[in-house]
Amino acid sequence: MVSVAVFVAMASMIKAAGPLPTGQVVFFRSFFAILPIILFLVWHHDLRRALHTKRPVSHFLRGLVGVTSMALGFFGLARLPLPESVTINYAQPLLVVVFSALILGETIRFYRWSAVVVGLVGVFIVSWPKLTLFSESAALGGDEALGALATLGGATASAMAMILVRSLVHTEKTSTIVIWFSLSASLLALLSVPFGWQALTMEQAALLVGAGICGGIAQLLMTEAYRYAEASVVAPFEYTSMLLAIAVGYVVFGDVPTLHMLAGGLIVVGAGIFIILRERRLGIERAAAKEATPPQ
């Protein structure tokens with residue numbers, strides 16, 4: 001949940017920086033994420049061994065998928081109203097649950113599926129009044145249609161990236177996973193320079209550097225989350241970013257929460273709490289069963 005909060009801060013900074021070339025935004029987001037990672041490594045006296053890995057191909061694949069996710073997401077964000085972009089992105093937690101069942105072989109019980117779907121319903125309740133793409137007076141323009149497809153593609157790639165992270169944490173340290181991603185993403189983003197980068201104002205540069213630093217911190221926290229819990233357990237807590245967006249809108253921009261926001265927010269919180277309680281109960285049952293099993 002802390003990772004989600006920092007990712008919200010990152011997205012806010014990127015949005016505030018205004019329309020910029022996608023590759024340029026991806027580079028700043030990836031390159032300056034290395035700063036908090038290095039501090040993390042120095043703190044743990046692990047800087048020398050950070051790049052050591054036996055799975056370089058897996059790391060590069062994770063970087064390629066991650067860059068694809070960011071590029072598509074930022075591309076869509078520039079072409080869609082924020083409510084549409086946020087809502088389409090909430091397909092990601094549901095896709096993580098689907099992929100974790102199909103690829104990782106995780107056992108997804110009815111209760112967990114239900115919580116994910118209910119959380120998604122809560123997000124739609126919050127967003128529905130602002131979904132201009134589905135209003136009778138709005139026509140879906142070419143740019144918006146392209147943005148919607150790009151955002152959905154970004155959500156799918158992001159879900160796949162989470163599955164790759166879940167696979168990597170079994171053999172790799174958190175710092176190794178994150179620094180390999182940041183380096184590979186930075187190098188891949190540099191390939192977009194010939195397609196046009198633009199000069200930045202001081203404010204834009206500061207916002208993008210801040211976004212990169214936030215991205216690095218959030219990436220460390222997210223990787224740790226996937227180390228200690230199954231992907232299908234972690235995924236629904238992505239929904240809490242909607243609640244944070246409501247809070248930031250009220251405190252920073254003076255947006256008063258509507259009835260839709262409050263009702264949908266309560267549903268999102270309820271879905272998350274349900275999963276916490278359900279997983280805790282299952283954990284207690286598994287521990288009791290283990291204690292009751294006689295030693296071989």
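Buried, in this talk, means under 20% relative accessible area, exposed means over 50%, and partly exposed is in between, with a 1.4 Å probe and protein chains only. At 16% relative accessibility, then, Leu120 counts as buried.

Some ground rules. This is a predicted model, where local features need pLDDT of at least 70 and side-chain atom pairs count only at pLDDT 80 or more, while totals for chains, interfaces and linings use all residues. Residues are numbered from 1 along each chain as its sequence is written, and side-chain values use heavy atoms, with hydrogens and water left out.

Let me stay with Leu120 for a moment. Leu120 sits in helix 7, residues 110–127. Helices here are DSSP runs of H or I with at least four residues, strands are runs of E with at least two, and both are numbered from the N terminus. Leu120 touches Tyr90, Leu94 and Tyr239, not counting residues up to four places away in sequence; contact means heavy atoms within 4.5 Å. Thr87 is 33 residues from Leu120 in sequence, and their C-alpha atoms are 8.8 Å apart.

Now the whole chain. The protein has 13 helices and zero strands. Of its 296 residues, 44% are buried. Taking contacts between residues at least 6 apart in sequence, 89% join residues at least 24 apart.

Next, the cores. A nonpolar core is a set of buried Ala, Val, Leu, Ile, Met, Phe, Trp, Tyr and Cys residues joined through side-chain atoms within 4.5 Å. The largest one has 21 residues, and those touching the most other members are Ile14, Val25, Val26, Met70, Phe74 and Leu208. Two or more residues each come from helix 1 (2–16), helix 2 (22–31), helix 4 (56–77), helix 9 (174–190) and helix 10 (202–228). Helix 10 gives the largest share, five residues. Apart from this core lies another, of 16 residues, including Val96, Phe99, Ala161 and Ile163.

Val26 is found in helix 2 and is buried, with a relative accessible area of 2%. Leaving out residues up to four places away in sequence, Val26 touches Val67, Met70, Ala71, Phe74 and Ala189. Val26 and Leu208 are 182 residues apart along the chain, with their C-alpha atoms separated by 9.4 Å. Met70, with the same exclusion of residues up to four places away, touches Val26, Arg29, Ser30, Phe181 and Ala185.

That brings me to helix packing. Axes are lines fitted to C-alpha atoms, for helices over the stretch in contact, and angles run from 0 to 180 degrees between N-to-C directions. Angles under 35 degrees count as roughly parallel, over 145 as roughly antiparallel, 65 to 115 as roughly perpendicular, and the rest as oblique.

How do helix 2 and helix 9 cross? Their axes come within 8 Å, at roughly 155°, which makes helix 2 roughly antiparallel to helix 9. The contact is made by Gly23, Val26, Phe27, Arg29, Ser30 and Phe31 of helix 2, and by Phe181, Ser182, Ala185, Ser186, Ala189 and Leu190 of helix 9. By class, these residues divide into seven nonpolar, four polar and one charged. For the classes, Ala, Val, Leu, Ile, Met, Phe, Trp, Tyr, Cys and Pro count as nonpolar, Asp, Glu, Lys and Arg as charged, and the others, Gly among them, as polar.

Helix 9 also packs with helix 3, residues 34–43, where the axes come within 10 Å and cross at roughly 150°. Helix 3 and helix 9 are therefore roughly antiparallel to each other. On the helix 3 side are Ile34, Ile37, Phe40 and Leu41, which meet Ser175, Val178, Ile179, Ser182 and Leu183 of helix 9. This contact has seven nonpolar, two polar and no charged residues.

Helix 3 has a further partner in helix 10, at an angle of about 50° and with the axes 6 Å apart. That makes helix 3 oblique to helix 10. Leu35, Pro36, Ile37 and Phe40 of helix 3 contact Ile213, Gly216, Ile217 and Leu220 of helix 10. Here the count is seven nonpolar, one polar and no charged.

One last residue. Thr223 lies in helix 10. Is Thr223 buried or exposed? Its relative accessibility is 1%, so Thr223 counts as buried. Setting aside neighbours within four places in sequence, Thr223 is in contact with Val165, Val169, Thr174, Ile177 and Val178.
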